[in-house]
Amino acid sequence: MSNNLIVGFSGNTSRPSSTKRFVEGISEALAGQLGLRHQVFDIEDIGASLSSARSVADLDKNARRVVQTIIEAEALVIGSPTYKGSYTGLFKHVIDLLDPADLRGKPIILTATGGGDRHSLVVEHQLRPLFAFFEAFVTPTAIYTSGRDYIEGQLSPVIDARVNQAITEAALLVKARSGSVTIAAE
């Protein structure tokens with residue numbers, strides 16, 4: 001099922017969040033390129049019922065709506081702040097509630113934020129294997145940012161180029177999945 005929506009989901013556990021802002025910017029740009037709407041959620045949007053949930057059915061009505069919106073999205077932009085070399089625990093708990101088939105074939109852009117270069121492989125060593133388990137179509141280009149990747153509040157040219165590359169890849173995946181692009185076999 002599709003909802004003509006690009007959904008961002010950020011594993012931040014506090015607001016305001018640079019991770020959520022980063023995910024929102026990418027979601028908005030991808031949606032704009034595809035002529036779709038976008039919406040971004042974070043852990044706060046899931047709410048208090050998350051901590052005791054063992055399945056999606058255990059979540060309150062609003063949290064179930066958020067999870068259903070994620071599942072039905074045309075594509076996802078996933079982001080997490082980096083804590084001790086990995087994504088946040090509550091972010092993982094949300095993902096653990098999903099059925100493996102829920103994200104099969106779904107185009108996903110992976111992002112993470114952190115305090116320095118020491119955590120830069122979190123997207124490759126933590127997030128990419130997680131979504132490979134779900135058989136999602138993760139873009140080849142993932143993006144990690146730290147505070148030094150911003151110049152006067154704007155993304156550095158290197159990070160901006162990675163963002164644009166990931167958006168291009170995701171747009172191609174969304175179009176191919178919807179059948180609006182034909183991939184020629186060689």
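Ile108 counts as buried because its relative accessibility is 0%, where buried means under 20% relative accessible area, exposed over 50% and partly exposed in between, computed with a 1.4 Å probe over protein chains only. The model is a predicted one, in which local features need pLDDT of at least 70 and side-chain atom pairs count only at pLDDT 80 or more, while totals for chains, interfaces and linings use all residues. Residues are numbered from 1 along each chain as its sequence is written, and side-chain values use heavy atoms, with hydrogens and water left out.

Ile108 belongs to strand β4; helices (H or I, at least four residues) and strands (E, at least two) are DSSP runs numbered from the N terminus. Apart from neighbours within four places in sequence, Ile108 is in contact (heavy atoms within 4.5 Å) with Leu76, Ile78, Phe131, Ala136, Phe137, Val138 and Thr139. The C-alpha atoms of Ile108 and His125 are separated by 16 Å, and these residues are 17 apart along the chain.

Strand β4 (residues 107–114) also holds Thr111, which counts as buried at 0% relative accessibility. Not counting residues up to four places away in sequence, Thr111 touches Phe22, Val23, Ile26, Val77, Ile78, Gly79, Ser80, Val123, Leu127 and Ile143.

A further buried residue is Phe41, with a relative accessible area of 3%, in strand β2 (residues 37–42). Beyond residues up to four places away in sequence, Phe41 touches Val7, Gly8, Phe9, Ser10, Arg65, Val66, Thr69 and Ile70. Between the C-alpha atoms of Phe41 and Thr13, 28 residues apart along the chain, the separation is 11 Å.

Helix packing comes next. Helix α4 (residues 89–96) and helix α5 (residues 122–133) pack at an angle of about 10°, and their axes are 12 Å apart. Axes here are lines fitted to C-alpha atoms, for helices over the stretch in contact, and angles run from 0 to 180 degrees between N-to-C directions. The angle makes α4 roughly parallel to α5, since angles under 35 degrees count as roughly parallel, over 145 as roughly antiparallel, 65 to 115 as roughly perpendicular and the rest as oblique. From α4, Phe91, Lys92 and Ile95 meet Leu127, Leu130 and Phe131 of α5. The residues of this contact comprise five nonpolar, no polar and one charged, where Ala, Val, Leu, Ile, Met, Phe, Trp, Tyr, Cys and Pro count as nonpolar, Asp, Glu, Lys and Arg as charged, and the others, Gly among them, as polar.

The largest pocket has a volume of about 170 Å³. On a 1 Å grid over the protein atoms alone, a pocket is an open set of points where a 1.4 Å probe fits, with protein on both sides within 12 Å along at least five of seven lines; lining residues have an atom within 4 Å of a point. Residues lining the largest pocket include Asp117, Glu124, Tyr144, Arg148 and Arg162. The lining divides into five nonpolar, one polar and five charged residues.

Finally, the backbone. Most residues other than glycine have a negative phi, and most peptide bonds are trans. The peptide bond from Arg15 to Pro16 is cis, with omega near -5°, and Pro16 is found in the loop between β1 (5–10) and α1 (18–34). Lys84 has a positive phi, near 50°, in the loop between β3 (75–81) and α4, and counts as exposed at 85% relative accessibility. Glu135, in the loop between α5 and β5 (137–138), has a positive phi of about 60° and is partly exposed, with a relative accessible area of 44%.

Definitions and conventions. Points joined across faces, edges and corners; volume = space filled by probe spheres on them.
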